[in-house]
Amino acid sequence: MGHDLTTRRQVATAIGAALFLPAPFVSRAQTAALDLRHDAPSRLARRDAEGYVPPADLKVVADNYRRMTVPVRVNGAGPFGFVVDTGANQSVIAKDLADQLGLPQGPLAPLNGVAGIQNAPTTTAKLDIGRRILTGQTLSVLPHLGIGGQGMLGLDTLGDSSLTLDFAGQNLRIDTGRENWRDPDAVAVKARRRDGQLTLVDVFLGEMPLTAFIDSGAENTIGNMALRQMALTRNPAGSWTKTSIISSTGQTIPAEIADLRALRVGNFRMSMWPVAFADLHTFWMWNMVDKPAILIGVDILSRFDSVCLDFARDEVRFRMAASA
């Protein structure tokens, strides 16, 4: 029997029994207050004496990550908590917030979702993201429930900033200019630019290199159909579970879940990991169809203490968790 596989852009998250974490991860719930400051004295949140242990329950991972937002001022009001989606090329504001602020209603414009393109209302506003000010920024307008926050920042607002997903401290940071600090304890993985997206070059399935990019808007890791064929060839007797993927626009697309063996991201190796496979519009949008490709979701990213996407240096930095 199938189940729904949703992104972090939705409030209701259905992560079924087919998605489990292999040993040696153990469950330890994390709690942290939302940090809306960009001038915090430390670059990464304080770690406890035991170090960060990634939760074994993906439901806990999803719940924790939905609370991780960046503070954004809209036309001087706020700050408001926006999620960050590195798999989106267009930023979004929740309809109720747009109405509350009296933002002007613009024309319908195409918005990319996992299942295709659909027209969505738009508006324009000034965004203050840390010390970065974006004037006349075009935003798609979607229901709050579809976003998972009061807004969503896409690649169009990140520019040459660095985005740090601090899972140990449960917060996000966007740093620019002199704030763009390199964590000396992190392992840097070189990346390439692809239409604004950072594509990793150090991801392998066994000895086979994969085209991969980090999708901070996806709770689960998703492979394209070429990778699905490779998985079938490598493990023809494997178990497959039907599911569906739901985007922030409400679009759905069928998918299957299976365990992928010998996946390596940087220095992090997974002997077996549950991955969803689907013919996402995202793969077509990024021209990642013909060769095996994978969207690295929060399920894998949360295995690290922190992950930093540095668009200025074209690299991704991974800080290993204590249990890794």
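Predicted model: local features only at pLDDT ≥ 70, side-chain atom pairs only at ≥ 80, totals over all residues.
**Around strand β19**

In the hairpin of β19 and β20, two residues sit between the strands, and Gly-266 there takes a positive phi near 60°. Residues are numbered from 1 along each chain as its sequence is written, and side-chain values use heavy atoms, with hydrogens and water left out.

Strands here are DSSP E runs of at least two residues, helices are H or I runs of at least four, and both are numbered from the N terminus. Two strands count as paired if DSSP finds at least two bridges between them.

β19 has other partners too. Strand β18 (residues 241-246) runs antiparallel to β19, joined by six bridges, with Thr-243 facing Ala-255 of β19 as its bridge partner. Then there's strand β14 (residues 203-205), which pairs with β19 (residues 252-265) in the antiparallel sense over three bridges; Val-203 has Val-265 as its bridge partner in β19.

How confident is the predictor? On pLDDT, its per-residue confidence from 0 to 100, the protein chain has a mean of 76, and 77% of its residues reach 70 or more. Over residues 1-49 the pLDDT is below 50, yet beyond near neighbours in sequence this stretch has 143 contacts in the model (heavy atoms within 4.5 Å).

Key
pLDDT = per-residue confidence, 0-100.
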